Amino acid sequence: MSRLLYITTNLNSSGGVAKVLSVKLNHLVKEYFYDIHIINTHGDTNNLFYVFDDKISIHSITKNYSKISRWVYYSKILDNKIKEINPDIIINCDNGLKGALFPFLYTGKVPLIFENHGSKNVKEDTITGNLKLQLKDFLFSRSVNKYYKIVVFQHLENAWQTDNIKVIHNPIGFEIPAKSASLTKKVAIAVGRISYEKGYDMLIEIWNLVIKKHPEWQLHVYGEGNSKHLQKQIKKLAISDSILFFKPTLNIKEVYLNASMLLNTSRYESFGLALIEAMACGLPVLAFKNTAGPKIYIKDRNNGFLIEKINLIEYANMVVSLIEDRSEMKRVGETAKESVKIYRTENIIRQWHELFQSV
């Protein structure tokens, strides 16, 4: 039985990486009987949002290592943890600065796999944030040959100057329901953390245009984070009654099944787990063309809609068009559901098992 060690961060969040790991690792333990350990390099793991199988061992390194003097200390703690666990394979899922530094800090001989959940065209809304991104990307680009495989989404297959690339996508986070959403509810949803990257400021502007024609509709936003700046924007537009914010929920499938479309306005989206989950429930989804992830699985006006970059008027017009044409909404939703069956958990986990067996 192979022992796998996953190194990640913010395992306690409701974000997509934590969810994907819970789905994947639970399946690997139950179906392929791997001995799995996780080192979480940031955040408390006493109250995790997602459920991990009891057979999975979770370790934490929670100290803040922002000062340079602490990086040596962090490296020693990490090295000691790895020696204690004694894994056969290490999978680095930390797409941040610590993750970029890991292959330089690690001096052991265990084969390394990098599980890339990021996007190479991400931008932050601060100068400091963008400088950190540039440093991280530089470090990752210099470490590619230290990995046995770099696992990426399809749009990044040719983005790395290396031949040790493997394409594996994310799995749908639940079993595809037999019954699709009825598409009769006057509710559109958005799912994802509240951050600059997700573009909720643009979504609010879009929704303001939509409800001028269809004031009976509501937008429900599910995500963690501080929404005060968005609430100010909503109040200024006087549309508070039509946009509601909800905390993340484990029962997200029911949210999809009780909505009529999913709206994604991400500035950058490496994959977009919420989109394929919504499609699996028969929802039509909309996203911007410039976000690389959705282009993997959305064929415009076939199983979803891709809107020109930051064209808020075109986006709003497409939402209105769908609201006024339920037969089109249903057609796209049915096509969407069929098209994402390739992302069923068993299909994706089989690819990971085959990769581990090849090491």
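In the predicted model, six strands are arranged as an open sheet whose order is S10-S9-S8-S11-S12-S13, with parallel pairing. The edges of this sheet are formed by strand S10 (243-246) and strand S13 (305-307), each of which pairs on one side only, and the twist from one strand to the next averages 25°. Strands of a sheet pair through backbone hydrogen bonds, in either a parallel or an antiparallel manner. Within the sheet described here, strand S8 (residues 187-191) and strand S11 (residues 261-263) are joined in the parallel sense over two bridges, and Ile189 stands opposite Leu262 in S11.

Helices lie across this sheet. Helix H5 (residues 200-213) lies across S8, strand S9 (218-222), S10, S11 and strand S12 (285-288), and runs at about 170° to S9. Helix H9 (residues 312-323) lies across S11, S12 and S13, and its direction is at about 170° to S12. Elsewhere, Phe153, Phe271, Tyr297 and Tyr343 make up one aromatic cluster.

Ser227 is located in the loop between S9 and helix H6 (228-237). With a relative accessible area of 16%, Ser227 falls under the 20% limit and is therefore classed as buried. When neighbours within four places in sequence are left aside, Ser227 is in contact with Ile194 and Phe245.

Side chains of opposite charge can pair when their charged atoms come close, and a search of the whole structure finds eleven salt bridges. Among them is that between Lys24 and Glu115, whose closest N and O atoms are 2.5 Å apart. Since Lys24 lies in helix H1 (residues 16-32) and Glu115 in strand S5 (residues 112-115), the pair ties together parts separated by 91 residues in sequence; Lys24 and Glu115 are both buried. A further salt bridge joins Glu197 to Arg193, with 2.7 Å between the closest N and O atoms. Glu197 counts as buried at 18% relative accessibility, whereas Arg193, with a relative accessible area of 41%, is partly exposed. Asp300 and Arg301 also meet through their side chains in a salt bridge, at 3.9 Å from N to O, and Asp300 counts as partly exposed at 34% relative accessibility.

Arg267 lies over the face of Tyr196, at 4.2 Å from the ring centre, while the charged end of Lys149 sits over the ring of Tyr148, 6.0 Å from its centre.

Leu105 belongs to helix H3 (residues 97-105) and is partly exposed, with a relative accessible area of 28%. Apart from neighbours within four places in sequence, Leu105 is in contact with Tyr74 and Ser75. The C-alpha atoms of Leu105 and Asn208, which are 103 residues apart along the chain, are separated by 49 Å.

Methods: Residues numbered from 1 in each chain as written. Predicted model: local features only at pLDDT ≥ 70, side-chain atom pairs only at ≥ 80, totals over all residues. Heavy atoms only, no water. Helix = DSSP H or I, 4+ residues; strand = E, 2+ residues; numbered from the N terminus. Buried < 20%, exposed > 50% of the residue type's maximum accessible area, 1.4 Å probe, protein only. Contact = heavy atoms within 4.5 Å. Pairing = 2+ DSSP bridges. Axes fitted to C-alpha atoms, helices over the stretch in contact; angles between N-to-C directions. Salt bridge = Lys/Arg side-chain N within 4 Å of Asp/Glu carboxyl O. Phe/Tyr/Trp six-rings, centres within 6.5 Å; stacked < 30°, edge-to-face > 60°. Lys NZ or Arg CZ within 6 Å of the ring centre and 35° of its normal.
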